[in-house]
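I opened the notebook to record what I looked up in this structure. The entries follow the order in which I checked things.

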Amino acid sequence: EGQQRLKYVLDAIGCAVWEWDLVTDEVILDEHWAGMQGYSLDELQPISSTTSVSMTHPDDVAQYTQKIREYLTGESDRYTSEIRVMHKSGQWIWVRDNGMVTERDVTGKPLKMIGARVEITQRKLVEEAALKESERFLSLIKASDTGVWEWDADEQKLWCGAEYFSMLGYSRQDFNNSTDLEKVWSSLLHPDDYERAVHNFANYLSGDASQLYESEFRMRHAN
C-alpha cells in the first residue's frame, strides 16, 4: 500500500526515480526517467552512470559531474543539480536532480545513492525571459540616465539605482549604501521645494497608490 501511494505521488508531481550502485556502477531507472526524454527503458540499454552523462548538454557536463563528486566526497551536504539533457526529438530540456547516499560501508564510503528527477524546462524559460527583460530594462536605464528608486513603506527603506546617485554627482558609497529616505532624498531637496515635495509624496502614499506618482523639485548636486 505504501509503495502504491508513493507511485501515485511520484506520478502526480511528474517525478522520475533513479538508483545508483557505486560499487558495480549499476544504475536502475524507472520508465518515467526515460519517458521524460522521449525514450523507453529498452532504448537506453545498457544503462550505467555514463548514460545520463552522455545525454547531458556539453556545457553542463563539468558542472553535473562536479556536483556529484562534491557530494560524494563530503564537500557539500546534499546533491542537487539543474542541467540540460537531450530529448529524443533533438530538443534540449531542463531537468533538476536531487539525490542522497542510502548505504555506506563501515568506513563511511558511499555504496549506493538514490535520487529523483523532475523536468523544469518551463520554469527555466520563464526565468530566462525575466532575465532578458531585466537586462533590457537596465540597458534602457543606463542609456537614458534615469535615476530609478523603490520605496518600501513597510520596512521604511529606499533603494536607489546607480544612476540616481550619478546624476547628482555621487555614488552609492558616498552614502554608505544607505536606505534612509531622509539621508538619500529629503536632505538633498532645495529648501524652497522641501515642504511641497515631502507633502506630495506623503499624500500619494496615503491616497490611491494605483495612480501615477509625479513630482518636480530641485535637488542639491555634489558640486
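Before the first entry I need a cut-off: a residue is buried if its relative accessible area is under 20%, and exposed if that area is over 50%. The model I am reading is predicted.

**Entry 1: helix H9**

I looked up which residues of H9 are buried, and found Asp193, Ala197 and Phe201. These three cover an arc of only 60 degrees around the axis, so they sit on the same side of H9. I then asked what the buried residues of H9 pack against. The partners are strand E6 (149-152) and helix H8 (181-184).

I also checked the length of H9, which runs over residues 191-206. Its 16 residues should span 22 Å at 1.5 Å a residue, and the end C-alpha atoms are 24 Å apart, which agrees.

**Entry 2: helix H6**

H6 covers residues 121-144, 24 residues in total. From the first C-alpha to the last I read 35 Å, close to the 34 Å expected at 1.5 Å a residue. The buried residues here are Thr121, Lys124 and Ile141. Their cover includes strand E3 (79-86), strand E4 (92-104), E5 and H7. After H6 comes Asp145, with a positive phi near 55 degrees.

**Entry 3: backbone angles**

I kept a general rule beside me: most residues other than glycine have a negative phi, and most peptide bonds are trans. I then listed some exceptions.

- Gln156 has a positive phi near 55 degrees and is not a glycine; I found Gln156 in the loop between E6 and strand E7 (157-160).
- Asn176, also not a glycine, has a positive phi of about 55 degrees; Asn176 lies in the loop between H7 and H8 and is exposed, with a relative accessible area of 63%.
- Gln45 and Pro46 are joined by a cis peptide bond, with omega about -5 degrees; Pro46 belongs to the loop between helix H3 (41-44) and H4.

**Entry 4: Gly169**

Gly169 is in the loop between helix H7 (162-166) and H8. Is Gly169 exposed, partly exposed or buried? Its relative accessibility is 42%, so Gly169 counts as partly exposed. Leaving aside neighbours within four places in sequence, I found Gly169 in contact with His221 and Ala222. I also took the distance to Ala197, which is 28 residues away along the chain: the two C-alpha atoms are separated by 21 Å.

Rolling a probe the size of a water molecule over the atoms shows where empty space is left. The largest pocket has a volume of about 290 Å³. It is lined by 14 residues, and the closest to its centre are Trp149, Tyr164, Trp185, Phe217 and Met219. I sorted the lining of the largest pocket by class and got 11 nonpolar, 3 polar and no charged residues.

The second largest pocket holds about 240 Å³ of space. Of its 17 lining residues, Trp20, Ser49, Ser52, Tyr64 and Ile68 are the closest to the centre. Which element gives the largest share of the lining of the second largest pocket? H4 does, with 4 residues. Others that give two or more residues include strand E1 (15-21) and helix H5 (58-72). By class, the lining of the second largest pocket has 10 nonpolar, 5 polar and 2 charged residues.

Terms used
Residues numbered from 1 in each chain as written. Predicted model: local features only at pLDDT ≥ 70, side-chain atom pairs only at ≥ 80, totals over all residues. Heavy atoms only, no water. 1 Å grid on protein atoms, 1.4 Å probe; cavity = no way out; pocket = protein on both sides within 12 Å on 5 of 7 lines; lining within 4 Å. Points joined across faces, edges and corners; volume = space filled by probe spheres on them. Nonpolar A, V, L, I, M, F, W, Y, C, P; charged D, E, K, R; others polar. Expected span 1.5 Å × (residues − 1). Buried < 20%, exposed > 50% of the residue type's maximum accessible area, 1.4 Å probe, protein only. Arc of directions from axis to C-beta. Contact = heavy atoms within 4.5 Å.
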